Every structure is written in structure tokens, then in C-alpha cells.
Amino acid sequence: MIPFDVLVAICLLYVALLFGVAFLAERRAAMGLGGWLRSPAIYTLSLSVYCTAWTFYGAVGYAARSGLEFVTIYLGPTLVFIGWWWTLRKLVRIGRTQRITSIADLISSRYGKSNALGVVVTLIAVVGTTPYIALQLQSVTLSFAVFAPGGAVPWAIRDLNSSALTVAAGLAVFTILFGTRNLDANERHHGVVTAIAVEAVVKLVALLAVGIFVVWGIGGGVTATLDRIETSPLAGMPIQPGRWIGLTFLSAAAILTLPRMFQVLVVENEDERHLATASWAFPAYLMLMSLFVVPIAVVGLAEMPPGANPDLFVLTLPLAHGQDGLATLAFLGGFSSATSMVIVAAIALSTMVSNHIVMPVFLKLTATGATMSGDVRKIVLRARRVSIGGVLLLGYLYYRLSGGSEALAAIGLISFAGVAQFLPALLGGILWRGATRAGAITGLTLGFAVWAYTLFLPSFGQGGVMGAALLAEGPWGIGWLRPQGLFGMDGLDPLVHAMVFSMGANVLGFVTVSLASFPNPMERLQAAQFVNVFDHSAPGQGWSQGRAEAEDLLLMAQRILGPDEAQGLFQRAAADQGKQGFLPDITPEFLQRLERELAGSVGAATAHAMVSQIVGRSAVSVEDLMKVADETAQMMEYSSQLEAKSEELARTARQLREANEKLTELSVQKDAFLSQISHELRTPMTSIRAFSEILMAGDGMGPGEMRNYSRIIHEESLRLTRLLDDLLDLSVLENGQVSLNAQEVALPDLIDRALAATVGLQGGLAIRRDPAAERVRLMTDGDRLSQVFINLISNAHKYCDASAPELTIRVREGRDGVAVDFVDNGSGIPEKSQAIIFEKFSRLSDHRKAGGAGLGLAICREIMARLGGSIVYLPGQGGAAFRVSLPRARAQAA
Amino acid sequence: MGKHVLLIEDEPNIIEAIRFILSREGWRVDTHSDGTTAYDRVTAVRPDIVILDVMLPGRSGFDILRDIRADTGLNGLPVLMLTAKGQVKDREMAERMGASRFMAKPFSNTEVLASVRELTGA
């Protein structure tokens, strides 16, 4: 029997060795050396973290108690690795393309980066893993106790509880030192993985050595051992099909959902091609691990005294035969199994806790945004260290609460059933696009609650957390709610019972709520990314691609920046790295610099996406795509602004064209107007000039003619003056330069004034009025209004062709204002001319009768417009009829 | 060659002035003031020269000129056009359409007389 102190020393030496291995591996990885460190063999060995102390010690105990049923624990993973190889590949691909850091990250990321889901998964993982960690503590504690026989209790083993605490603390320190030495961006731990591979070899060698010793050293060879098995109680143990199926399912689920398995399988995966090797090598490893389980159990049952713990046969059999060296090796194998599990599980859980619980809370509290400063890194590391301690403390508490007496296998299965709750959300997430966040949360919560109620809480034993009465009769005496007999399902094994109900509730909740709920856009995008991961990501690429990548990057940069600038950038970068004349190394600094340069041309998101695609280690993520989409949207926004501008330009051009057409038209009108004025001026001038020349010559003229010609000259000069007056008046009116002199006037006075002014013209024109109706007072410019009246009266005088010309002036007060009608008894204005009489120079008859230039009515129209009223021709009144209207506001009853 | 003028003009005072100037020099002056019937009057009167205003009621002087020039029976009939519009394009139009001479109003009496003499060779 080796002394306990020596054993502890060996343990510490072994730990130091592991440290050394891990340290060297990290060093070589950092230097980019050591390809063998990333070989499929290391990957496969690291997967052996599945084989914990439970497998190492517990499998024998399990076989001794239940026969061949222990095989199910190996059967599930084997089936997954051989038959569901493609699922693993998909998980690994998703893990790489989405930079997944844990199973909580994967599930929350799949369902629209839901933080709530991350928290739920983290909590379930912590609770679910706790029994498993307790199991490791228990086995290490028990194995220590084996070396401390009866009387000589060494310093560390006064009682099992305190030694379990010591073990837990030791493992915590060990894990913190291993797992949080630095903060790796992609959460890969090369050193840890290598150390675990070493441990995998140690535990396999140890178990095989014990097996060989048992078969050949004690059992007397293969044939004899087989005979022993034939006659042992194991051969007679019944096989329970329900448990077999259930356990195989649980272990198959566990290989995918255990946080530590996800860590080594997905997160630590370097190259998805390693899976090809692992798919046969890992089942082979499991087979070797299980090879000697039954012989050891059978021989142990036969050789060891009754009551000896079959979980410890691996240790006690060699010890009983004085094989101290072998026992020590077996002890190291068990120690390896326990530590590797605790280290990886604690690292995985602490990553989840810090990423999904501590960091969101911290960022919310500090509200500084995700600036990855040194401070934040320190906080992350501290959070991880504290959560590693917390996880182990929980494990210890569970160990204490559950009484520490349960068989190892039973505890492990509780964990399996707990983390199996992730399976629907995980598989649904990568296979079914219709799976939604609400469905995942519902399924997980239901499944977890049922698991806790039916398996986890009862595992503390009667009087633990649940009272004996509750276990026996259900809460409040409701029989069908008994934790281990829901809905009266009493016949079932408690584990199978819990599994059926928790998984049933989980799957049912997940599917129904997924079908009933509607995913948000982010969920849809992520769903597409996950489910169709093979459609838009390249398979894993090796490491020795630096050159090719640099060339590709240069080609791409040239396309975007132009050859000179791109080459200059690469040359400067190479010079900075001390590599003048060569392509620069693809360092993160260089990539950042390149991205910045490219971002200036194509936008940050696009630049990142392009660089990522070439560098290839990370495919384009949904965020990248969404940023690209954002930039595209901005560009579209910009181009639609441009479009709007060009539309505006087109509109302006159209307006300009219209204005130009109007100006041209105005210019034509102006020419016509000038031509009209010219005609109107030249005509009287012609007469004046001709007759003045005649008079100047003075010969051949009688006195009558002389007088007549002088009169013509006089008349024509008056006509000229009138024309000029009218033109000026019209010009002033049209330009709006006229100043109105509004005052209260009596309508009859205005009409009297107009009649008086035209009295010389009236001749035979009879005027008919109705003085009673005329009694209206107006607020208007009386001079201007009477000018309109004068015009109308003189027109009647000039153009009324009746034999007894007569002009009727009628005044009518309406609701809207006052109307003054001037109606004569002549033949009126022909219908075709009615439309143009208010235009300038629209004189209808010949000059002989008309004294004016045809501007009168045009002037009237302008005046009425200025006064706020109107003048219109009234057709069908017998003779020529004009209506002058003034609005109410300007008219007041007298 | 006789001394017979047909004056087509609608402004009474101008008719009177031209009639006085020409008749004093021994010309026989017929007058017509309506555009629509002016061409018929020309063919009926067969004057030695036509003095034609552009702005006439009913029909423009240019239209009447076109009819006169289209009528081979009136070949060589001198037409003196008068216009009060006095724009360059009117002058060009008149000359293109075959006016013998184009005079803007107001005119000089002696110029009118001289033009009539010149055009008729009298």
C-alpha cells in the first residue's frame, strides 16, 4: 500500500505535467507551429472527455448492479457518430461560421440572438451539470478514501465531506489556472485540449491495464474469465427494453447537448474534416473503454468481500492483489477522467455564464457599449473565474445534499436527462426553419420544469427537497401529480418516466408554439443561416493558406482601390512587418487596416464581408449581411434622392419650357400690339401730314376746302390725343399701378355724371332709368366707375343702329352685390364677336363711326377688375347689353 | 396712257387727301373702301394704277394684290401699296407679292404724286 502523502504528491506531479503539456501546446499554437496539435487524433482524444469518472469507475459498478445495461451509455454516442455524422458536421459548420462559443450561444443565436434564451439555456446547463460535477467530486473523494484504510486516517480524509470540499477547491483552482489563463477571441483552448488528450490516453491505458491484469492476472485467461461471466449473477440480470431504449436515447442526446461535449465537439474544432476520423475513432475508443468492464465487474463480485462498493473495483482489485503501481495508475486514470470532465465543463459553463448573464448585465449597468477595452477583458476573466468557482461549489452542495451515497451511474443519468432538454431546440434549430424563439423557450422551460420535478428534486432523496409525503402521494394529496407517477404512470422506471414526460412536454411545447408563433426578421435570417448552412459557407480551410489569401486580398483590393493604391498599401504593410518586397502576413492588424481602407470605398460592412470571405476562417455572418443590406438601403435611399432631384430638374425644365413658350407668345402679342398701335397712330398722322402739306402749298383751294381741311387736321389731332390717353390709362391699369380712391358714393350721382359727360355725343339717344331702383350707396372709386359708365353710354351712342336709339339703365341689388345693366335697342353684337369685344383694338365697325382706337371696353374690363367687380356682355337682351357688377362688400344700401 | 387712278382705302380723310392731290394734277380718281369687293372693282374700272391700302375691312390688301397679280388680264398694272403698319416684314411681303411700290403712312404728298407718275410713265 502506497502512503497517502505519496499519492497526493503523485497527483500534484501529474497535474504539473498536464500544466506543462498545456503550456507547451499554447506556446506552439501561438507560434503557428505544431500541426500535430491540431490533428484529428487530438480532436478524437479530446472527445473522450465524455468518459468521466462515471465511466471509469461507475461503469463497473453499473455492470455489477444492472448487468449489460451500462452498454447503452456507449451505444448512444456510437450511433450518433456513425449514423448522425452529418448532424455533427452541420453543428461544426454552424459553430465555425457563426463563431459559436457555447451551446447557449448556438441556441440563442439561432433564435434571433435572443438573450433570454441564452439565459435559459445557461441556467438549465448549470443546473443540469451540477449533479455530474458532484459525481466527479464523489468519485475522486472515494478513490482517495480507498488509499486511506481504516485506522490511519490521513490529514485530508478526516471525513468524506471535508475531503470532497478540498477536492472541489483543488479542481476549481486547477480549472481556473487552465481555462482562464487568457481570453481567446474564438474561445479555443489549445493547451487545455492537448492536456485533455493526454488524460484520455492515461485513462484508457489505466483501464486497459487493470482489465488485462484482471483477466490474465486474476481471472486466469480469456476462456476462464468468460466461464466466470457465464456463471456470474450478471448473466442472469434481465434486460429492460424500456430502459435500454431510453438510456440509449439519453446518451445519444447527451453527446450533442452536454455543455462540455459541445465545447470539445464544436467550439474547439479546428477543421470539420477531423470529424471524419472521429466518426470511427471515437466509437473505437469507447469500445476499448468498455471492453473490460464486465470482466472486472464479474471478477470483482467474486473476489471482493460482499458489501464492497463495485464502483471502486477498478481500484480495489489491484490493491487487494498488492499491485500498488497498477492501483496508482488506475487512480490516475480515474483522476484524469474526473479532472478532464470538470475542467471542460467548468470552462464551458463559465463561458456561458459570463457571456449570457454577467456581460449583458454589466453592459447594461455601465451602458458603455461593447468596447472591448482592457477593463472589459478583465471583467470577463474575473466573471469566468468566479463562475468556475460557483459551478464547483454548486457541485459540492449537490454532493452534500444528495447524501453522497447514490450510485455514480444514477447521478450521471440525471444530468443526461437534464441537458437532453436542449435536444429539441438544438435539432429543431438546425433542421427546421419553422422553429421559433417562443417555441424554443416554451419547450425548454416546460421540459426543464418537468425534469426538475420528476427527477432532479426527487434525487435529493426522501426528506431532501421534497418531503416523503409529496413523493408518495403527490402535492396536496393529488395522486396523479406525484413526481414519479404523473397521470398514474406508476409502472415506469423513474428515469424513463421522467424522460418520457419531460421530453414529451418539451417537444410538444416547442412544436406547437413554434407553429403558432411568428418569427421576427432576425429569427428568419438566422433560421435560414443555420438550416441552410451548407448552402452558403465554405468547408473548413486549413492553416497554410497565408500566401494564397494575401494574393486574393491584393486582387480584391486592386479592384476596389485601384492597382497603385492597393499595391502601395500592401507594400507599406509588408515593410511594417519587416518583409520588404514580399506580400504581408495576414495578421489581424493588417486585416483591420485593409478593412478600413476598403471601407472608405465600399462601406464598412461590405469591406468586412469581403475580407472575411477571402480570409475564409469566418464566413459572412448574418450581421455582416444585414450591415451590407443596411448600406445597400442607404445607397438606394441616396439614389432615390437623386431620382427625386432629377425629377425636380425635369419639372423645372418643363416649367422653363412653358415659361419660354409663354414669353414667345407674349413677344408675338407684343409685336401684334405694337403693330396695332403703329397703325392707330399712323392713320391720323397720315391725314394730318397730307392736309397740312396741302395747306402749306396753298394753291388751287377754295376757302371752303381750306376750312374743311383745317377741321380734319384738328379732329385727327384730337383723335391722336385720345388714343394716347387710352393707351397710357390701359398701361397703368394693366400694370396695377393705378391708385384707387375708394369713398362712399351714391349710384344715381355717378350715372348722372356719366350722362352729363356724354351729353355732347348723345344726339338722339334716349335714356331710360328707374330712379327708385338706383338708390344704392357704394364704397368704391366713383371716378373710375363713372369712366366705365361713360364708355358704355358713348358706345351705345356710337353703335346703336336703331331708328329711335334708346338706352335702358337698370340697377339690380342681389344677394352678392349690385348689378348695373346698360341695354340698348340696336341690333347688338354678333355672337361670334362677343368673345373678343373686351380685347384691345377689337373695334368691330369701321373707323368712320368709331372715334376711338378700340381700347374702351378693354379699359372698362381692367377698371372693373381693379374695383373687385366685373363687366360682361349679356347676350339675348335685344340690343347690345352690358352688365357691370360690384360685390356686396363694396355695395351698401342707401 | 391715261391718267386714271383707283384708290382702295377705307379712311375717309386719307381718301380725301389723295383724291385732292391727284385730281389737282389732272388725274381721274375713283375710290373704293371695301376689301371684299375691291378686286371686282379693279377689273371693272381697269385703272392705269391702283393705290392699295393694306388694312381694309373685309379683306386684306395683300389678298387683293395676289388676285390682281394672278389675273393675266391685269398684266403690268402698277400697284402702289400704302400701309400704316410700317414694319419691315410688311414691306418685304409686299415686294415679294409683286407690289410695284410700297409706301408707309404717313407719306409725303409729292412722293405719292411722283411715284404715281413714275409707275404710270405719265
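## Two crossing helices in chain A

In this predicted model, helix α2 (residues 40-47) of chain A and helix α9 (residues 190-218) of chain A have axes that come within 8 Å and cross at roughly 70°. Axes here are lines fitted to C-alpha atoms, for helices over the stretch in contact, and angles run from 0 to 180 degrees between N-to-C directions. Helices (H or I, at least four residues) and strands (E, at least two) are DSSP runs, numbered from the N terminus. α2(A) and α9(A) are therefore roughly perpendicular to each other; that label covers 65 to 115 degrees, while angles under 35 degrees count as roughly parallel, over 145 as roughly antiparallel and the rest as oblique.

Which residues bring them together? From α2(A), I42(A), L45(A) and S46(A) meet V193(A), T194(A), I196(A), A197(A), A200(A) and V201(A) of α9(A). By class, this contact of α2(A) with α9(A) has seven nonpolar, two polar and no charged residues. Ala, Val, Leu, Ile, Met, Phe, Trp, Tyr, Cys and Pro count as nonpolar, Asp, Glu, Lys and Arg as charged, and the others, Gly among them, as polar.

## Chain A as a whole, and P318(A)

Chain A holds 35 helices and eight strands, and 44% of its 894 residues count as buried. A residue is buried if 20 or more other C-beta atoms lie within 10 Å of its own, exposed if 12 or fewer, and partly exposed in between, with C-beta atoms placed from the backbone. Of the contacts in chain A with a separation of 6 or more, 79% join residues 24 or more positions apart; two residues are in contact if their C-beta atoms, placed from the backbone, lie within 7 Å.

P318(A) sits in helix α16 (residues 313-320) of chain A. P318(A) counts as buried because it has 24 C-beta neighbours inside 10 Å. Leaving aside neighbours within four places in sequence, its contacts include V210(A), F213(A) and L326(A). The C-alpha atoms of P318(A) and V214(A) are separated by 8.1 Å, although these residues are 104 apart along the chain.

## Where the chains meet

The contact between the chains takes 19 residues from chain A and 20 residues from chain B. On the chain A side, the elements giving two or more residues are α29 (622-697) and α30 (703-734). α29(A) gives the most, with 13 residues. By class, that side has five nonpolar, eight polar and six charged residues.

D53(B) lies in strand β3 (residues 49-53) of chain B. An unreviewed UniProt entry places the feature "modified residue: 4-aspartylphosphate" at D53(B); UniProt positions are given in the numbering used here, feature names are shortened, and annotations may be inferred rather than shown by experiment. D53(B) is buried, because 24 C-beta neighbours fall inside 10 Å. Beyond four places in sequence, D53(B) is in contact with I8(B), E9(B), D10(B), G61(B) and L82(B).

Leaving aside neighbours within four places in sequence, T36(B) is in contact with G58(B) and R59(B).

## Confidence and conventions

The model scores ipTM 0.92 and pTM 0.56. Chain B averages a pLDDT (the predictor's confidence in each residue, from 0 to 100) of 88, and 97% of the residues score at least 70.

Residues are numbered from 1 along each chain as its sequence is written, and chains are lettered from A and ligands numbered from 1 in the order in which they are written. Local features need pLDDT of at least 70 and side-chain atom pairs count only at pLDDT 80 or more, whereas totals for chains, interfaces and linings use all residues.
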